[in-house]
Amino acid sequence: RDPYEHLVVPGFLPAEAVTEVTRDFPAIAKPGLFPLSVLQSGVAFRDLIGELDGPDFEAAIAESFGLPLAGKPKLFTVRGHCHRRDGSIHTDSTTKVITVLVYLNPGWEKDGGRLRVLRSATDLSDFAAEIPPVAGTLFAFRRSEKSFHGHETFEGERRAIQMNWMTDVATRDRELARHRLSAHLKRLNPFG
């Protein structure tokens with residue numbers, strides 16, 4: 001609960017599942033978040049999404065945060081690469097209730113790209129926890145006015161599944177449409 005409600009689970013995915021899911025991770029060549037509908041992935045990746053979208057996982061997260069989630073719409077996006085401008089300090093939008101990240105990188109020796117649970121909106125070095133985006137690690141937090149997080153600059157491959165419980169269906173659908181449009185524009189732009 002310091003400085004806000006969050007949960008870090010190293011080894012959330014067992015080693016065998018990590019191997020299979022990383023093998024079946026969608027090919028994403030550009031930075032940004034992509035909705036599932038524009039990606040092609042293998043069976044193990046789709047099975048993991050199915051488990052995350054299921055009632056058992058929802059019940060576990062609801063219990064962990066003491067928050068009813070049943071009936072709240074979910075938004076899934078996937079990241080394959082970071083741009084050097086990614087990772088700035090933010091709290092997530094007020095339309096998100098809970099954010100879950102499942103990292104899928106084989107290892108992480110780099111200094112940048114390690115997510116930090118921050119105590120303020122202004123100091124990236126004042127953090128309560130630092131989470132390397134190592135395959136199988138889960139990070140979840142309850143969005144609030146003080147749920148500041150970010151990471152040091154990193155550019156390159158950084159794989160993650162992002163799942164959000166949203167406040168309402170209309171907002172989720174707007175976010176999905178925005179991510180689909182962004183993905184389409186990225187396909188048209190060979191430089192970025």
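The model is predicted. Its largest pocket holds about 590 Å³ of space. The lining of that pocket is made up of 30 residues, and those nearest the centre are Leu33, Arg79, His90, Asp92 and Gln162. Several elements give two or more residues each to this lining: strands E3 (74-82), E4 (96-103), E8 (149-150) and E9 (156-166), together with helix H4 (169-188). H4 supplies the largest share, five residues. By residue class, the lining of the largest pocket has 14 polar, nine charged and seven nonpolar members.

Helix H3 spans residues 55-65, and its buried residues are Phe57, Glu58, Ile61, Ala62 and Phe65. Buried here means under 20% relative accessible area. An α-helix has 3.6 residues a turn, so residues three or four places apart point the same way. Viewed down the axis of H3, the buried residues fall within an arc of 135 degrees, and therefore they line one face of the helix. Pro55, Asp56 and Glu63 lie on the other side of H3 and are exposed.

What covers the buried residues of H3? The cover includes strand E1 (6-9), helix H2 (43-52) and strand E7 (138-142), along with E3, E4 and E9. Of these, E3, E4 and E9 are also among the elements that give two or more residues to the lining of the largest pocket. Just after H3 comes glycine 66, which takes a positive phi of about 60 degrees.

Terms used
Residues are numbered from 1 along each chain as its sequence is written. This is a predicted model: local features need pLDDT of at least 70, side-chain atom pairs count only at pLDDT 80 or more; totals for chains, interfaces and linings use all residues. Side-chain values use heavy atoms; hydrogens and water are left out. On a 1 Å grid over the protein atoms alone, a cavity is a set of points where a 1.4 Å probe fits but cannot get out, and a pocket is an open set with protein on both sides within 12 Å along at least five of seven lines; lining residues have an atom within 4 Å of a point. Grid points are joined across faces, edges and corners, and a volume is the space filled by probe spheres set on the points. Helices (H or I, at least four residues) and strands (E, at least two) are DSSP runs, numbered from the N terminus. Ala, Val, Leu, Ile, Met, Phe, Trp, Tyr, Cys and Pro count as nonpolar, Asp, Glu, Lys and Arg as charged, and the others, Gly among them, as polar. Buried means under 20% relative accessible area, exposed over 50%, partly exposed in between (1.4 Å probe, protein chains only). The arc is that of the directions from the helix axis to the C-beta atoms. Contact means heavy atoms within 4.5 Å.
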